[in-house]
Amino acid sequence: MPTKKKPQVTATGKPPAAAAQARRRELLDTAAEVFAEQGYNATTVRKIADHAGMLAGSLYYHFDSKESMLEEILRSFLDELWSGYDAVLEAEPAPRETLEALVTESFREIDRHRAAVAIYQKENRQLVAQERFAFLADSQRKFEKAWLSTLERGVAAGVFRSDLDVRLTYRFVRDTVWVAASWYRPGGQHTPEEIARQYLSMVLDGIAVRT
């Protein structure tokens with residue numbers, strides 16, 4: 001009987017496809033940090049390659065442009081964000097629990113994709129004008145609907161104050177949560193869950209009905 005060929009492995013001990021995927025992930029992580037630090041317009045393929053310790057030509061082996069890199073960075077972040085958000089929303093918890101879960105999931109995503117969140121915060125307005133990044137506007141509309149409906153349900157249920165301006169509250173929560181990407185660093189003193197608990201204790205004292 002013919003013997004089965006063993007899959008080839010690289011020096012890392014991974015099959016070629018897995019090694020290539022891991023390298024691609026590393027390059028995207030590097031690109032995300034450069035985009036976040038220097039800005040999208042100021043970042044060139046050469047700068048990304050320099051930070052990755054390779055020639056610019058070698059980077060084109062993995063990606064055809066910096067636009068492709070940025071698109072993959074943002075799509076990966078948003079896909080994971082919505083995977084977590086959708087799980088919360090589909091479970092249909094009570095309004096307060098929904099708000100708590102969405103905030104906690106947001107801080108977890110900042111922990112996982114800090115650079116991508118920073119890019120999104122800085123570049124969103126410029127990028128949504130480009131057809132390639134139209135998905136950002138779609139995600140923003142979906143995001144707004146999820147948060148506003150949660151706040152509106154809370155007001156209707158008597159969980160949040162009846163005089164609450166839900167749109168103003170949404171903007172406050174949105175901005176104060178995601179701005180954390182500018183100072184948060186993974187592996188710091190507090191976990192994402194701990195930060196979320198502290199944040200929620202401050203916010204909910206202001207919008208929860210006092211008994």
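Predicted model: local features only at pLDDT ≥ 70, side-chain atom pairs only at ≥ 80, totals over all residues.
## Helix H2 and the glycine after it

H2 itself covers residues 45-52, and its buried residues are Val45, Ile48, Ala49 and Ala52. Viewed down the axis of H2, these buried residues fall within an arc of 100°, so they line one face of the helix. The spacing follows a general rule: an α-helix has 3.6 residues a turn, so residues three or four places apart point the same way. Arg46 and Asp50, on the other side of H2, are exposed.

## Helices H5 and H7

Two packed helices are described by the angle between their axes and the distance between the axes. For helix H5 (residues 95-112) and helix H7 (residues 134-156), the angle is about 150° and the axes lie 8 Å apart. An angle over 145 degrees counts as roughly antiparallel, and H5 and H7 are therefore roughly antiparallel to each other. The crossing of H5 past H7 is left-handed.

On the H5 side, the contact is made by Pro95, Thr98, Leu99, Leu102, Val103 and Ser106. On the H7 side, Trp147, Thr150, Arg153 and Gly154 take part. Sorted by class, the contact of H5 with H7 has 5 nonpolar, 4 polar and 1 charged residues.

## Helices H7 and H8

H7 also packs with helix H8 (residues 166-178); their axes come within 9 Å and cross at roughly 125°. That angle makes H7 oblique to H8. Here the crossing is right-handed.

H7 contributes Gln140, Phe143, Glu144, Trp147, Leu148, Leu151, Glu152 and Val155 to this contact. From H8 come Val166, Arg167, Thr169, Tyr170, Val173, Arg174 and Trp178. The residues of the contact of H7 with H8 divide into 9 nonpolar, 2 polar and 4 charged. Trp147 of H7 is listed in the contact with H5 and also in the contact with H8.

## The chain as a whole

The chain has 9 helices and 0 strands. Its pattern along the sequence is accordingly written α-α-α-α-α-α-α-α-α. Along its principal axes, the C-alpha trace spans about 70 × 50 × 35 Å.

The chain has 211 residues, and 41% of them count as buried. Among contacts between residues at least 6 apart in sequence, 69% join residues at least 24 apart.

Methods
Residues numbered from 1 in each chain as written. Heavy atoms only, no water. Buried < 20%, exposed > 50% of the residue type's maximum accessible area, 1.4 Å probe, protein only. Helix = DSSP H or I, 4+ residues; strand = E, 2+ residues; numbered from the N terminus. Arc of directions from axis to C-beta. Axes fitted to C-alpha atoms, helices over the stretch in contact; angles between N-to-C directions. Parallel < 35°, antiparallel > 145°, perpendicular 65-115°, else oblique. Left-handed = near helix turned anticlockwise from the far one by under 90°. Contact = heavy atoms within 4.5 Å. Nonpolar A, V, L, I, M, F, W, Y, C, P; charged D, E, K, R; others polar.
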